[in-house]
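I went through strands, aromatic rings, surface and helix in turn.

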Amino acid sequence: GPGGRTARRRVTLEDGSEVSFDHAAPFFNARSAPFKERLARWEEAGLAARWEAAGEDAWVGLNSNHAMARAVVADLEGQGTTMRFGHHVLRAEATAAEDGGGDGGG
C-alpha cells in the first residue's frame, strides 16, 4: 500500500492487545505553499494536526502519518488514476505529451 516513509507498525503484545506507532517519519514539516495549502485541507478534514512538542511547524497525521498517504491515493483514484503497489519498476521511459506539448515529465 501507500506510505513509504510514513509507515505505521502494528505490534501484538503478549496479552493479545495491539498497539501501533509511526516508526519511519514521526512527524513532518510543511515549507512550500502548495503543500501548506494541502495540509490546511487535511487539517480541516481531521487528517493532520500540529505537534507543538516537536517544533513550531511540526505536523502529524491523525490516526497516523499514513493517513496522508491514503488521502493522496484517494484523491488520485478519484481523478481516475490507477494505483499499483507491491510491484518493482524495472524500466521507465518518458514520452511526449499527446497534445505535443510538455516533455512528458509530468
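How many bridges join strand β3 to β5, and do they run parallel or antiparallel? I looked this up and found two bridges, with β3 (residues 28-29) and β5 running antiparallel. I note here that the model is predicted.

**Strands around β5**

I then checked the other partner. Strand β4 (residues 48-50) pairs with β5 in the antiparallel sense as well, over three bridges.

Next I asked which way the residues of β5 (residues 58-61) point. Ala58 and Val60 point one way, while Trp59 and Gly61 point the other way. In a regular strand the side chains alternate between the two faces of the sheet. I also checked burial in β5, and Ala58, Trp59, Val60 and Gly61 are all buried.

**Aromatic rings**

I searched for ring pairs and found three in the structure. One of them is Phe27 with Trp51, whose ring centres are 5.8 Å apart. The planes of Phe27 and Trp51 stand at 70 degrees, and I list the pair as edge-to-face because planes over 60 degrees apart count as such.

Where do the two partners lie? Phe27 is in the loop between β2 (18-22) and β3, and Trp51 is in the loop between β4 and β5. The pair therefore ties together parts that are 24 residues apart in sequence.

Trp51, with a relative accessible area of 36%, is partly exposed.

I also noted a cluster: ring pairs link Phe28, Phe35 and Trp42.

**Surface patch**

I looked for nonpolar side chains on the surface. Val11, Leu13, Val19 and Phe21 form a nonpolar patch there, and together they have about 280 Å² of accessible area. I placed Val11 in strand β1 (residues 8-12).

**Helix α1**

Last, I checked the span of helix α1 (residues 33-44). The helix has 12 residues and reaches 17 Å from its first C-alpha to its last. I compared this with the 16 Å expected at 1.5 Å a residue, and the reach is close to that value. After α1 comes Gly46, with a positive phi near 80 degrees.

Key: Residues numbered from 1 in each chain as written. Heavy atoms only, no water. Buried < 20%, exposed > 50% of the residue type's maximum accessible area, 1.4 Å probe, protein only. Helix = DSSP H or I, 4+ residues; strand = E, 2+ residues; numbered from the N terminus. Pairing = 2+ DSSP bridges. Patch = residues over 30% accessible without salt bridge, like charges linked within 9 Å, V, L, I, M, F, W, Y side chains within 5 Å. Areas by Shrake-Rupley, 256 points an atom, 1.4 Å probe, with all protein chains shown as cover. Salt bridge = Lys/Arg side-chain N within 4 Å of Asp/Glu carboxyl O. Phe/Tyr/Trp six-rings, centres within 6.5 Å; stacked < 30°, edge-to-face > 60°. Expected span 1.5 Å × (residues − 1).
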